[in-house]
Amino acid sequence: MKFKVKKPKSISLMFPLYKDKTTVKSMIFKSLKVLKKTKLKFEIVIVDDGCPENSGMIAKKMSKKNSRIRVYFHKKNLGYGAAVRTGLKNCRHECIFATDGDDEY
């Protein structure tokens, strides 16, 4: 049985942050580099899950220079699952890729 894989027209890359102050910039730069190569319409959705070290503010500062980056904040830490749900809920594009903000993958 053969499957046809349809190439998406757009992609959202989403990742949550919690104590990721040292990796958030590299995550954004690496994500932008890869997404630009796809030649698809894209966005980066970042969720700061009440991070005590203000990782999200680093991302927010970067988003002011690039409208494809959007940052959402939880006032307090709600946990990984809640951060992922917030991110997925706010993705606008056809295909969604989710990863962690610690730059492990």
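**Exercise 1.** Determine how the residues that line the largest pocket divide into nonpolar, polar and charged.

*Solution.* The lining of the largest pocket holds 7 nonpolar, 3 polar and 2 charged residues. Here Ala, Val, Leu, Ile, Met, Phe, Trp, Tyr, Cys and Pro count as nonpolar, Asp, Glu, Lys and Arg as charged, and the others, Gly among them, as polar. The model is predicted: local features need pLDDT of at least 70 and side-chain atom pairs pLDDT 80 or more, while totals for chains, interfaces and linings use all residues. Residues are numbered from 1 along each chain as its sequence is written, and side-chain values use heavy atoms, without hydrogens and water.

**Exercise 2.** Identify the lining of the largest pocket and the elements that give two or more residues to it.

*Solution.* A pocket is an open set of points on a 1 Å grid over the protein atoms alone, where a 1.4 Å probe fits, with protein on both sides within 12 Å along at least five of seven lines; lining residues have an atom within 4 Å of a point. The lining consists of I11, L13, M27, K30, S31, V34, L35, T38, F97, T99, D103 and Y105. Two or more residues come from each of strand 1 (10–17) and helix 1 (24–38); helices (H or I, at least four residues) and strands (E, at least two) are DSSP runs, numbered from the N terminus. Helix 1 gives the largest share, 6 residues. The volume, the space filled by probe spheres set on the points, which are joined across faces, edges and corners, is about 210 Å³.

**Exercise 3.** Describe the second largest pocket by volume, lining and residue class.

*Solution.* Its volume is about 150 Å³. K25, I28, F29, L32, I58, K61, M62, K65, N66 and I69 form the lining. Helix 1 and helix 2 (55–63) each give two or more of these residues, and the largest share, 4 residues, is from helix 1. The classes are 6 nonpolar, 1 polar and 3 charged.

**Exercise 4.** Work out how helix 1 and helix 2 are oriented to each other.

*Solution.* Their axes, lines fitted to C-alpha atoms over the stretch in contact, lie 9 Å apart at an angle of about 40°. Angles run from 0 to 180 degrees between N-to-C directions. Under 35 degrees counts as roughly parallel, over 145 as roughly antiparallel, 65 to 115 as roughly perpendicular and the rest as oblique; the two helices are therefore oblique. Contact, meaning heavy atoms within 4.5 Å, involves V24, K25, I28 and F29 of helix 1 with S55, I58, A59 and M62 of helix 2.
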